[in-house]
Amino acid sequence: MEGDNNSTVVKEFVLVGFTSIPNSQGLLFALFLAIYVVTLAGNGIIITLTSTDPNLDTPMYYFLRNLSVIDICYISSTVPQLLVHFLSRTRTISMLTCATQNYAFFAFGVTECFLLAVMSYDRYVAICNPLHYTVVMSRQACAKLAAGSWISGFLHSVVLTVYTFHVPFCGPNCIDHFFCEAPQVLKLACADTYVNELVIFAVAVLVLIIPLSLVFVSYSRILITILQMSTAAGRRKTFSTCASHLTVVSLFYGAAIFMYMRPRSTHSPQQDKMISLFYAVITPMVNPMIYSLRNKEVKGAMMRAWGMKERR
């Protein structure tokens, strides 16, 4: 920080991280490194399988490949910096690096919000309008939907980052978090942040509630179609194609809504860390596991890739 009469201008922040857990930094470094490696490996396998296996050359797996790319980028926006701080005594992060981390975190998180809604629409078309599926979900249409998700994420992140950092910071400079998340950063501002918080809340409503509403509408129509099927076996088989996506949606949206749509008075640093840890670190790790363990086509692609005969 630089001094100027009675004011100071913050040039860097200190990320408190998990220092409240004494004598455990080495163990936490090993734990988060393992999580990061597992995330990269799991999502890397999904990307490789969906890119090389002809049986997975469908819109559903095209979007799944995009989701895996997002998850790798998403966790990479926070965990590498956290790993460095586990080995460092200072735990400082410059204002520019903090803003860049905040932008990347928001960009990939918002992109995932929209992509999950697109994936639910894909399932709706496949189940409710199967005869028109190849026309509606053409390669061109899929590319446009995916691109729209990415563009929406990066544009919304500009607004979120500007309204997080376009305030004066004049001390203290300790962020009680493991990365530069907006609510914790704004707590350090030495000005009224009501408008900033209101804008962030409004954008959170836009990027969480609208896609989630689309997911709800899609699955409501899917449920109606499933209930109209004549056989129990047909209902189970159809629902199984949606189970993985529903699980991922529940995990991601549930934690994100709880984090960004609560009144500020209910926020506590320790609670926020645990919630953020869940959707920023754990979710990207478990997503490929959910899709591979519950999906026969992905498991079949793995067996073919490893030269194993599929079980009938």
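Predicted model: local features only at pLDDT ≥ 70, side-chain atom pairs only at ≥ 80, totals over all residues.
**Exercise 1. Work out how helices α4 and α8 run relative to each other, and which residues make their contact.**

Start with the geometry: two packed helices are described by the angle between their axes and the distance between the axes. For α4 (residues 95–128) and α8 (residues 194–227), the axes come within 9 Å and cross at roughly 15°. Angles under 35 degrees count as roughly parallel, and α4 and α8 are therefore roughly parallel to each other. The crossing of α4 and α8 is left-handed.

Next, go through the contact. On the α4 side you'll find Val110, Cys113, Phe114, Leu116, Ala117, Ser120, Tyr121, Arg123, Tyr124, Ile127 and Cys128. On the α8 side, Val207, Leu208, Pro211, Leu214, Val215, Ser218, Tyr219, Arg221, Ile222 and Thr225 take part. Sorted by class, the residues of the contact of α4 with α8 come to 16 nonpolar, three polar and two charged.

**Exercise 2. Do likewise for α1 and α2: find their relative direction and the make-up of their contact.**

The axes of α1 (residues 25–52) and α2 come within 9 Å, crossing at roughly 155°. Anything over 145 degrees counts as roughly antiparallel, and that is therefore how α1 and α2 are described. Their crossing is left-handed.

From α1, the contact draws on Ile35, Tyr36, Thr39, Leu40, Asn43, Gly44, Ile46, Ile47, Thr50 and Ser51. From α2 come Tyr61, Leu64, Arg65, Ser68, Val69, Asp71, Ile72, Ile75 and Ser76. Class by class, the contact of α1 with α2 has ten nonpolar, seven polar and two charged residues.

Now zoom in on valine 69, which sits in helix α2. Leaving aside residues up to four places away in sequence, valine 69 touches Ile47 and Trp150. At 30% relative accessibility, valine 69 counts as partly exposed.

**Exercise 3. Describe how α2 packs on α4.**

These axes are 10 Å apart, and the packing angle is about 165°. That makes α2 roughly antiparallel to α4. The crossing of α2 and α4 is left-handed.

α2 brings Pro59, Met60, Phe63, Leu64, Asn66, Leu67, Ile70, Asp71, Cys73 and Tyr74 to the contact. α4 brings Phe105, Phe108, Gly109, Thr111, Glu112, Leu115, Leu116, Val118, Met119, Asp122 and Arg123. The residues of the contact of α2 with α4 split into 14 nonpolar, three polar and four charged.

**Exercise 4. Classify the ring pair of tyrosine 74 and phenylalanine 105, and say which parts the pair ties together.**

A pair of aromatic rings is described by the distance of the centres and the angle of the planes. The structure holds 18 aromatic pairs. In the pair of tyrosine 74 and phenylalanine 105, the centres are 5.1 Å apart and the planes 20° apart, which is a stacked arrangement.

Then place the two residues: tyrosine 74 lies in helix α2 (residues 59–76) and phenylalanine 105 in helix α4, so the pair ties together parts that are 31 residues apart in sequence. Both tyrosine 74 and phenylalanine 105 are buried.

Finally, look at the wider picture. Ring pairs join Tyr74 and Phe105 into a cluster with Phe18, Phe32, Phe86, Phe106, Phe178, Phe179, Phe252, Tyr253 and Tyr279.

**Exercise 5. Decide whether arginine 91, proline 183 and glutamine 271 are buried or partly exposed.**

The cut-off you need is that buried means under 20% relative accessible area.

- Arginine 91 is in the loop between α3 (79–86) and β4 (92–94). Its relative accessibility is 13%, so arginine 91 counts as buried. Its phi is near 60°, a positive value in a residue other than glycine.
- Proline 183 belongs to helix α7 (residues 182–186). With a relative accessible area of 18%, proline 183 is buried. Proline 183 and aspartate 272 are 89 residues apart in sequence, yet their C-alpha atoms are 9.2 Å apart in space.
- Glutamine 271 is part of helix α10 (residues 269–293). At 33% relative accessibility, glutamine 271 counts as partly exposed. Glutamine 271 and methionine 229 are 42 residues apart in sequence and 44 Å apart in space, C-alpha to C-alpha.

Technical notes. Residues numbered from 1 in each chain as written. Heavy atoms only, no water. Axes fitted to C-alpha atoms, helices over the stretch in contact; angles between N-to-C directions. Helix = DSSP H or I, 4+ residues; strand = E, 2+ residues; numbered from the N terminus. Parallel < 35°, antiparallel > 145°, perpendicular 65-115°, else oblique. Left-handed = near helix turned anticlockwise from the far one by under 90°. Contact = heavy atoms within 4.5 Å. Nonpolar A, V, L, I, M, F, W, Y, C, P; charged D, E, K, R; others polar. Phe/Tyr/Trp six-rings, centres within 6.5 Å; stacked < 30°, edge-to-face > 60°. Buried < 20%, exposed > 50% of the residue type's maximum accessible area, 1.4 Å probe, protein only.
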